[in-house]
Amino acid sequence: MLGGLFGDPGIHECSRAGCRAEATVKISWRNPKIHDETRRKVWLACAEHAEFLTEFLTSRGFPAEVAPFIPEETP
């Protein structure tokens with residue numbers, strides 16, 4: 001989830017439950033059973049949890065793309 005929903009809009013935290021570390025990676029993914037190619041969800045991850053979150057998604061058959069997270073590119 002993109003940071004700033006309830007807190008500081010300049011803080012982008014890892015999406016891993018309980019982790020408050022600064023995000024360094026953006027994971028774009030979708031559930032192909034309910035979303036077409038144009039629909040993407042985004043999770044943010046710290047360096048420690050990027051692999052865990054990506055494996056969580058891909059093990060369920062969800063296509064996931066990992067890229068460096070650059071806050072200036074966030075809408």
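Among contacts in the chain between residues at least 6 apart in sequence, what percentage join residues at least 24 apart? The figure is 53%. A contact here means heavy atoms within 4.5 Å.

The model is a predicted one, in which local features need pLDDT of at least 70, side-chain atom pairs count only at pLDDT 80 or more, and totals for chains, interfaces and linings use all residues. Residues are numbered from 1 along each chain as its sequence is written, and side-chain values use heavy atoms, with hydrogens and water left out.

Start with the layout. The chain has one helix and three strands. Read from the N terminus, the elements run β-β-α-β. Helices (H or I, at least four residues) and strands (E, at least two) are DSSP runs, numbered from the N terminus.

Now look at how the strands pair. Two strands pair if DSSP finds at least two bridges between them. β1 and β2 are antiparallel and share five bridges. Here V25 stands opposite A45 in β2. β1 and β3 also run antiparallel, joined by five bridges. S28 has E65 in β3 as its bridge partner.

Next comes burial. A residue is buried under 20% relative accessible area, exposed over 50%, and partly exposed in between (1.4 Å probe, protein chains only). Of the 75 residues in the chain, 28% are buried. Strand β1 is largely enclosed by the rest of the structure, because four of its five residues are buried.

What lies in the largest nonpolar core? It has 11 residues: C14, C19, V25, I27, W29, A45, C46, A50, L53, L57 and F62. β1 (25-29) and α1 (50-58) each supply at least two residues of this core. A nonpolar core is a set of buried Ala, Val, Leu, Ile, Met, Phe, Trp, Tyr and Cys residues joined through side-chain atoms within 4.5 Å. Take C46, one of the core residues. Leaving aside residues up to four places away in sequence, C46 touches C14, C19, A21, E22, A23 and T24.

Turn to the aromatic rings. A pair of aromatic rings is described by the distance of the centres and the angle of the planes. Rings of Phe, Tyr and Trp (its six-membered ring) pair if their centres lie within 6.5 Å; planes under 30 degrees apart count as stacked, over 60 as edge-to-face and the rest as tilted. The structure holds three aromatic pairs. One of them joins W29 and F62, with ring centres 5.5 Å apart and planes at 10 degrees, so this pair is stacked. It links distant parts of the chain: W29 is in strand β1, and F62 is in the loop between α1 and β3 (64-68), 33 residues apart. Both W29 and F62 are buried.

The rings of W43 and F56 have centres 6.1 Å apart and planes at 35 degrees, so that pair is tilted. It too links distant parts of the chain, with W43 in strand β2 (residues 41-45) and F56 in helix α1, 13 residues apart. W29, W43, F56 and F62 form one aromatic cluster.

Is F56 buried or partly exposed? F56 counts as partly exposed, because its relative accessibility is 33%. The charged end of R60 sits over the ring of F56, 3.7 Å from its centre. A charge sits over a ring if NZ of Lys or CZ of Arg is within 6 Å of the ring centre and within 35 degrees of the ring normal.

Last come the charged pairs. Side chains of opposite charge can pair when their charged atoms come close. A salt bridge is a side-chain nitrogen of Lys or Arg within 4 Å of a carboxyl oxygen of Asp or Glu. How many are there by this rule? The count is three salt bridges.

R20 and E13 meet in a salt bridge, at 3.2 Å from N to O. R20 is exposed, at 67% relative accessibility, whereas E13 is partly exposed at 24%. R30 forms a salt bridge with E37, and the closest N and O atoms are 2.7 Å apart. R30 is buried at 9%, while E37 is exposed at 55%.

R40 forms a salt bridge with E65, where the closest N and O atoms are 3.7 Å apart. This pair links distant parts of the chain: R40 is in the loop between β1 and β2, and E65 is in strand β3, 25 residues apart. R40 is partly exposed at 30%. E65 is also partly exposed, at 48%. E65 is the residue that S28 has as its bridge partner in β3.
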